[in-house]
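Please examine the chain shown below.

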Amino acid sequence: MKRENQFRYTRLAGILREQILSGYIKPGQYLLSENELCKHYEMSRTSVRKSLNELLQEGLIVKKVGQGTFVSPDLVVEESQRKILRIWGAMPSYFADSCIQSIIEVFHQDNPNVEVKFIGMPSNDFWESVRSSKEQGMETDLLYMTDTHFNEINLEEAFLDLQEVMAPALPDLYPSLIEACTRNGALIGAPVTFSPIYLVYNPELFDKYGVKHPEPNWTRDDFLEAAKLLTLDTDGDGIVDQYGFSMSSNSTRWIVLALQNGVSFSQPFQQEPLRETLTFIHDMLYRHRTAVLNQRSSLIADAFLHHKAAMVMTSAIELAGWQNESYTVPYKVASLPFGERKETLQIANMFMIPADTQNPELAARFIQAAQSPEIQEMNGRSANFLSVLESVNEMLWDSSILKSINLQSDTSASCRFLSQLMPDPLVLELLEEEMGLFWSGLESPALTLDRLQTLAYKPQ
């Protein structure tokens, strides 16, 4: 945990330092308050204060009691004589932390006179930060974001069509990625990594308690039996402190169970399979108590990482983050066993080129470097990120694992993005806002769905 906290405050210090030295935050301009920094970057007050103290010691900022923290008015940043490629990226980001520097290094090999500046922006208010930055006269050449941010855009004409830019990679890209990055016939997103949501388990806990390891075709009953056997009071104080499964209320997790049970979100809240899915989740959490609920968006696998849960749904992107933050929990991949339909969700990180960039050619070259087989293989080997290129994944990953995570040729079509599942973002927003009582165990699945149905079809 000490190394994790050190990593977090060092990362925030780096983000703020780059914002200051690049001119994003100007001399004399105030930084966000400590409370706002905690919220935007999902960090503790202790980590935020350590980050600010690091910048204070470097002479980049000044603190005044009762006024706040601002960039030193006497700060002078020398103008670079090299061409600058500016990237604004949604942070925190496991992929950016692990891989952006390696992409920059490869890019520099062919573009030695170009300086790349990556400026982190708070993920929670990414588009608002982009808008306000442009209003202040700041310029960017590339935007880096998640698929969630991508789906929030409503001005497709403000971004360049990347069909020609991505031509070298297109034949090897997964079709679902191309489809998800296309708006009104224009390919405006360039994916650089992605991952299906899949199941992992701790083999040491399975072995310790004599529980049979998951088999490729294991069923929901097999899963429930394993979860039951692995839910224990390990220290004998009468309180369960180890669970079979870590359940997350995040939409990219629990909706996988709904998909596997045949739920179609084109007709929201009306189907019996959705009621059955929520009942199954509710029973695990509150009737049989074989699962523990994790509602922290910043670290979905918290219980699993601390050996307090034997199984969890995760992604290759999150797994790479565990490695980056020095977690050593063992894991193996298991097939998703929650229903007859072998479907799952997927997530991605991608680049976009604003139409008003002053360096479209350099931005295009950077995307081509990020999608090159060299970089894709490097990131896969060094940090276990999945590649957006099918051939690279087939080279790096065992075929049995690719099958378990739905990435073989005959199963990759069953990986879907939330935006494809629910094109109307209001449906997802309604789900997330109205399920609080359900996740707290204070409302039955039947009552939750009845209320959701009433709200969804209420006349406007």
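Q: What share of the contacts in the chain with a separation of 6 or more comes from residues 24 or more positions apart?
A: This is a predicted model in which local features need pLDDT of at least 70, side-chain atom pairs count only at pLDDT 80 or more, and totals for chains, interfaces and linings use all residues. Residues are numbered from 1 along each chain as its sequence is written, and side-chain values use heavy atoms, without hydrogens and water. Contact means heavy atoms within 4.5 Å. For residues 24 or more positions apart, the share of contacts with a separation of 6 or more is 74%.

Q: At what angle do helices H4 and H15 pack?
A: Helices are DSSP runs (H or I) of at least four residues, numbered from the N terminus. H4 spans residues 94-110 and H15 residues 373-383, with their axes, lines fitted to C-alpha atoms over the stretch in contact, 10 Å apart. Angles run from 0 to 180 degrees between N-to-C directions. The packing angle of H4 and H15 is about 140°.

Q: Which residues of H15 does H4 meet?
A: From H4, the residues in contact are Phe95, Ser98, Cys99, Ser102, Ile103 and Val106. Their partners in H15 are Glu374, Ile375, Met378, Asn379 and Ala383.

Q: Is Ser176 buried or exposed?
A: Ser176 is found in helix H7, residues 175-180. Buried means under 20% relative accessible area, exposed over 50% and partly exposed in between, with a 1.4 Å probe and protein chains only. Beyond neighbours within four places in sequence, Ser176 is in contact with Gln346, Cys415, Phe417 and Gln420. At 13% relative accessibility, Ser176 counts as buried.

Notes. Helices (H or I, at least four residues) and strands (E, at least two) are DSSP runs, numbered from the N terminus.
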